[in-house]
Amino acid sequence: MTDLERSASAGDGHSDLDVLHPESQYPVADPGHPEHLPRLTDVDEAAADRATRQVATMFALVPVLAIGFAVAYFAVPRTMFIDFAFLHVNLQHFLLGSTAGLALLLIGVGAVQWARQLMDDHEMVDYRHSATSDRDDREYVVTELQKGTEESKITRRKVLGRSLIGALAAMGIPLVVSFADLGPWPTKKRRAATIETTIWHEGVRLVNDITYVPIKASDLEIGQLVNGQPENIQELEGTELQQAKAKSSIIVVRMDPRTVQIPASRQDWQVGGILCYSKICTHVGCPISLWEQQTHHLLCPCHQSTFDLGNSGLVIFGPAARALPQLPITVDAEGYLVARSGFTVPVGPSYFERDSRDDFKEGDN
Amino acid sequence: MARPAATVSDAPAVQAATPKQELGPVFKLAAKPADYIDQRVGVAKLSRPFIRKVFPDHWSFLLGEVALYSFVVLLLTGVFLTIWYKPSMAEVEYDGTYQLLRGLTMSQSYESSLQLSFDIRGGLLVRQIHHWSAMLFLAAMLAHMLRVFFTGAFRKPRELNYLLGVGLILTGLIEGFAGYSLPDDLLSGTGLRFVDGLIRAIPLIGTWAEFFVFGGEFPGDIIVARLYMVHILLLPAIILGLIAAHLALVVYLKHTQFAGPGRNETNVVGYPIFPVYMAKAGGFFFIVFGVLVLMGGLMQINPIWTYGPYNPAQVTAGSQPDWYMGFVEGAIRIMPNWESHIGGTTWSWNVAIPGLGVMGLFFGLMAAYPFLEAWVTKDKAEHHILERPRNNPTRTGFGVAAMTAYGMLWIGGGNDLVATQFHVSLNAVTYILRVAVFVAPVLAFMITKRICIGLQRSDEERLLHGAETGIIERDPSGAYSERHAPISQGEAWTLTQHRQYAALMPAESDPDLTDGQLQRENLRRRASRFYFIDTLRKPTRAELEAAQHHGDGHDGHGEIESGHNGNGHNGNGDGRSGNADGHHSIEAGEKTSGAVPSQ
């Protein structure tokens with residue numbers, strides 16, 4: 001151990017930190033830095049040469065791979081695929097990724113190998129200093145700040161400072177106000193026209209959600225579920241279409257009327273065991289789609305809320321709190337299913353101003 | 001591992017002793033431009049303190065580096081993606097290369113994402129590198145945070161840098177989510193739908209927040225453009241700023257180091273930035289980058305073409321967010337369906353509590369912890385030597401408890417997949433998790449704490465009785481014992497370098513203190529007992545000497561027949577009487593602020 005190391009381990013004034021850590025805290029004395037052990041490459045020139053060759057080879061492979069990347073980019077047709085073992089991948093994509101990835105990796109591994117095997121590996125010691133400023137610095141800063149404050153006259157003319165604070169605070173108003181147009185304000189009227197209503201109304205036909213073919217009551221088998229939309233959704237496009245789909249989507253199910261409970265108030269909302277519910281989950285609005293035919297349960301794939309379609313869409317499991325809104329339906333003269341009205345309550349997830357007193361609850365009739 | 005021989009401070013002496021070297025060819029070439037720049041910027045002056053700055057070496061210090069480098073990769077690949085991506089929700093008909101989606105109407109953002117994936121050479125590769133980097137960025141940040149937590153690196157003077165780190169994880173989460181929403185495929189739209197429900201559920205202002213974020217009713221026509229701004233401008237700028245401050249503080253405070261011979265609270269032992277870390281850290285950047293590119297090339301991630309464009313009427317079973325949002329997703333899934341209907345209002349606790357509350361709780365506790373522990377210990381000293389997790393069993397227990405709670409929520413985020421893959425009832429999984437999320441962390445805490453104390457005992461064993469040699473000796477009376485070899489002074493120093501705190505007895509009433517102050521002080525003392533009463537006290541110098549003597553006298557044997565009683569160092573005895581055996585300490589402490597850590 002050199003003198004220098006010994007002084008370092010004792011904390012010889014290079015650092016101002018040792019006072020905080022009394023020596024008596026340590027039951028064992030610091031033996032100081034251990035001797036440096038040479039690596040094989042330090043003592044064996046052949047090993048050092050070998051390491052040098054390794055590093056240089058890794059670096060030398062990089063240009064080869066870089067050219068390989070360019071070849072893959074320009075010469076490999078985009079339509080070729082690898083289908084081998086676990087790889088099912090576009091050939092060009094595969095070659096671009098492997099050449100560039102390997103090239104980068106070789107640069108990195110080469111550099112690290114260089115550092116580990118060939119660069120000087122004597123550890124060095126640096127001294128720490130407390131993060132706290134020196135007393136002098138602190139005093140200087142405080143004194144000068146005080147002086148500067150005096151010079152600014154703010155201490156004598158306090159109104160300067162107060163009015164400046166007031167002025168800056170007032171600029172918060174324009175800052176906040178300029179964001180008032182982030183979106184339309186959800187006033188009672190606008191809520192009624194947007195999130196509280198759908199395009200369903202009396203007489204709108206229920207159609208298949210992909211083909212838009214109207215759904216005929218007689219075509220539905222018991223146990224069958226059809227994803228539907230209102231017929232008039234075809235008139236919409238773009239944003240309006242997406243917004244309508246986020247609210248108007250429905251599921252139409254036919255169940256054996258003897259196996260389901262239909263409350264008295266909803267006897268005329270169904271057609272011989274054909275019931276129609278909102279497809280939008282009352283939890284956070286996912287379209288519910290997993291149908292258990294035997295139990296009449298409908299499960300939301302997002303958070304697993306489960307609704308009993310055989311019992312007015314009540315929640316039987318999961319984080320959703322409200323029953324699925326039911327759409328009153330009947331048949332028109334040609335035997336197609338049509339809505340008797342729009343939804344009687346807002347569909348979709350809860351929001352603060354939602355009046356949830358009219359929702360169907362356990363025990364309602 | 002290399003051993004230190006030189007120190008920074010002897011560099012001038014070396015220089016004075018060696019004759020002035022002839023400059024190499026590169027230096028000669030660079031001399032004029034360097035001189036030009038130095039005359040204008042003073043680079044020599046600026047770089048002087050940093051060029052040979054010492055950094056300590058440990059594998060766990062690489063975790064933060066991985067996070068940093070994956071962020072750099074995110075910036076590089078992100079710029080490439082913006083060249084083709086169109087942040088627009090305008091409806092277009094797809095007419096690109098991918099046959100299965102031809103003729104479908106979709107948003108322009110989805111169309112351009114498909115174009116990037118199929119028609120731009122290397123586009124899919126870069127998109128996948130970008131997504132993998134995002135995953136790695138968050139994973140590395142969390143792992144780095146755990147390393148910092150479990151080694152106590154957040155202690156003074158690094159509390160503020162820890163807070164910057166918490167801020168980085170939070171912004172990273174939101175940044176990741178914003179990016180996930182941009183392709184506007186079915187999965188990202190479903191994620192947005194979830195966020196819409198979440199925002200709506202905020203009590204009082206939910207509907208307003210929803211209309212302001214989405215520019216009206218969900219999904220509207222502007223959210224993708226807004227998220228694009230957030231994703232490529234706002235949050236990256238914040239993250240860059242936080243990273244800059246984070247690294248500046250690392251440089252200013254110098255990196256922490258693990259205990260070891262020659263290492264103490266006043267120094268830092270390691271290698272210089274130039275050339276060693278230039279090569280190692282620089283090389284490591286290329287390694288991280290290379291691995292990410294290979295992942296992008298060989299491992300598929302987010303195949304956006306699979307599920308088609310976003311359609312609010314469709315969803316796929318097994319929909320999942322990216323892994324880092326899994327704990328929020330899990331909280332949402334296992335939450336009971338509590339909702340209050342008061343008058344004409346709806347209070348959606350089933351969404352607000354898990355969605356906002358769990359995130360708030362998680363990040364709140366994470367940010368508050370250093371200050372909580374500092375309040376308990378009243379330790380005002382700077383700490384630069386990292387603690388081993390075992391030497392602070394209560395903190396380590398808290399950390400593992402938090403990880404366990406996170407893990408339970410994470411399992412909850414895939415409760416449907418757990419049910420289908422393991423053929424168990426979905427409902428049972430959910431009900432069990434509702435309990436487990438509270439019980440499992442408590443169990444984890446207790447088990448972890450016991451394991452830590454056990455490990456402390458094994459350290460103590462090595463200190464007092466030496467290392468097991470594997471040599472069994474039989475003495476004249478026929479008893480067997482194992483010979484122990486004393487450990488090196490270096491190891492003994494390493495094992496005893498950590499700081500210890502006293503478990504404090506309640507304070508007596510004191511005329512100097514008001515009742516409120518006394519109550520707070522006693523609360524703190526109770527906390528200190530909770531923290532430190534079980535912690536093994538490290539042996540004192542006298543005990544170590546006595547043990548050595550004991551070892552010499554008995555020539556290393558006698559451990560089996562007598563070792564564990566009578567010598568006062570059994571440390572264990574019967575666990576319950578632990579306080580009396582001399583290895584646990586309760587101290588009266590001082591009346592008020594002066595509670596000095598016990599020795």
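The legends below describe close-up views of a predicted model.

Local features are described only where pLDDT is at least 70 and side-chain atom pairs count only at pLDDT 80 or more, whereas totals for chains, interfaces and linings use all residues. Residues are numbered from 1 along each chain as its sequence is written, and chains are lettered from A and ligands numbered from 1 in the order in which they are written.

**View 1. The largest nonpolar core includes residues of chains A and B.** This core has 154 residues, and those with the most contacts inside it are A:Leu206, A:Val252, B:Phe137, B:Val288, B:Phe289 and B:Leu292. A nonpolar core is here a set of buried Ala, Val, Leu, Ile, Met, Phe, Trp, Tyr and Cys residues joined through C-beta atoms within 7 Å; a residue is buried if 20 or more other C-beta atoms lie within 10 Å of its own, exposed if 12 or fewer, and partly exposed in between, with C-beta atoms placed from the backbone. Helix H6 of chain B (residues 123–150) gives the most to this core, with 15 residues; helices (H or I, at least four residues) and strands (E, at least two) are DSSP runs, numbered from the N terminus. A second, separate core of seven residues includes B:Val376, B:Ala503, B:Leu504 and B:Phe532.

**View 2. Chain B touches chain A.** The contact takes 113 residues from chain B and 101 residues from chain A, two residues being in contact if their C-beta atoms, placed from the backbone, lie within 7 Å. On the side of chain B, helix H11 (residues 273–298) supplies the largest share, 18 residues. By class, that side has 52 nonpolar, 41 polar and 20 charged residues, where Ala, Val, Leu, Ile, Met, Phe, Trp, Tyr, Cys and Pro count as nonpolar, Asp, Glu, Lys and Arg as charged, and the others, Gly among them, as polar.

**View 3. Helices H7 and H13 of chain B pack against each other.** Helix H7 (residues 159–181) and helix H13 (residues 349–377) pack at an angle of about 175°, with their axes 9 Å apart, which makes H7(B) roughly antiparallel to H13(B). Axes are lines fitted to C-alpha atoms, for helices over the stretch in contact, and angles run from 0 to 180 degrees between N-to-C directions; those under 35 degrees count as roughly parallel, over 145 as roughly antiparallel, 65 to 115 as roughly perpendicular and the rest as oblique. From H7(B), B:Glu159, B:Tyr162, B:Leu163, B:Val166 and B:Leu170 meet B:Phe363, B:Met366, B:Ala367, B:Pro370 and B:Phe371 in H13(B). The residues of this contact divide into nine nonpolar, no polar and one charged.

**View 4. A:Gln304 and B:Leu204 have positive phi values.** A:Gln304, with phi near 65°, lies in the loop between strand S9 (297–299) and strand S10 (306–308) of chain A, and is buried, with 22 other C-beta atoms within 10 Å. B:Leu204, with phi of about 70°, lies in the loop between helix H8 (186–200) and helix H9 (206–214) of chain B, and is exposed, with 11 other C-beta atoms within 10 Å.
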